[in-house]
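Subject: Structure for you to look at

Hello,

Here is the structure I said I would pass on. Please open it first, then read the notes below.

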Amino acid sequence: MAFGGVLVEANITAALDACKDAGTFDHKKFFKSCGLHDKSADDIKKAFAIIDQDKSGFIEEDELKLFLQNFKSGARVLNDTETKAFLGAGDTDGDGKIGADEFVVLVKTNNGAK
C-alpha cells in the first residue's frame with residue numbers, strides 16, 4: 001500500500017475493520033487505531049499527500065468520501081454524514097477543505113479516542 005513504511009498493515013486492517021459498516025467511521029478512533037496519530041508531523045504530511053489525490057494542496061469533500069480507500073483498495077466510501085463531520089472537524093479556517101497543517105492538527109488531536 002501507499003502507506004508502507006509509515007503504517008503497519010495489521011493496524012490499517014484493524015482500523016478499517018472497526019469502521020466497515022456505514023455510519024461507524026470516527027476519525028479520532030481511526031487515526032489512533034491505524035497508528036497515524038503517533039507519527040511525526042512529517043509522516044502525517046506524507047499521508048496528506050497521498051489522500052490529496054488531485055494534488056491541490058487541500059483535501060476536499062470528494063476526496064474525504066474516498067478516504068478509507070487510500071488505506072486499502074476496495075474499502076467503503078464514507079457516507080455524507082461521516083464526510084461532513086470529518087470535514088467539519090478538520091476545516092478550522094472555514095474554507096470548505098482541509099489543508100496540510102489542518103490535517104496534522106486533526107490527526108494529532110485525540111479528544112479521548114481509544
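How many helices and strands does the secondary structure of the chain come to? The count is six helices and two strands, where helices (H or I, at least four residues) and strands (E, at least two) are DSSP runs numbered from the N terminus. Along the sequence they follow the pattern α-α-α-β-α-α-β-α.

Two notes on reading the values. This is a predicted model, in which local features need pLDDT of at least 70 and side-chain atom pairs count only at pLDDT 80 or more, while totals for chains, interfaces and linings use all residues. Residues are numbered from 1 along each chain as its sequence is written, and side-chain values use heavy atoms, with hydrogens and water left out.

Overall shape: the chain has a radius of gyration of 13 Å, which agrees with the value near 13 Å for a compact globule of 114 residues. That radius is taken over C-alpha atoms, and the globule rule is 2.2 Å times the number of residues to the power 0.38. Of the 114 residues, 41% are buried (under 20% relative accessible area; exposed is over 50%, partly exposed in between; 1.4 Å probe, protein chains only).

Aromatic rings: the structure holds 13 aromatic pairs. Rings of Phe, Tyr and Trp (its six-membered ring) pair if their centres lie within 6.5 Å; planes under 30 degrees apart count as stacked, over 60 as edge-to-face and the rest as tilted. F31 and F103 form an edge-to-face pair, with 5.8 Å between centres and 90° between planes. F31 is in helix α2 (residues 27-34) and F103 in helix α6 (residues 100-108), so the pair links parts of the chain 72 residues apart. F31 counts as buried because its relative accessibility is 1%, and F103 is buried at 1% as well. Ring pairs also join these two into a cluster with other residues, including F3, F25 and F48.

The annotated site: UniProt, in an unreviewed entry, places the feature "binding site" at D52, D54, S56, F58 and E63. Its positions are given in the numbering used here, feature names are shortened, and annotations may be inferred rather than shown by experiment. F58 lies in strand β1 and is partly exposed, at 27%. K97 lies over the face of F58, at 4.3 Å from the ring centre (the rule asks for NZ of Lys or CZ of Arg within 6 Å of the ring centre and within 35 degrees of the ring normal). S56 is in the loop between α3 (41-51) and β1 (58-59) and is partly exposed at 34%.

Regards
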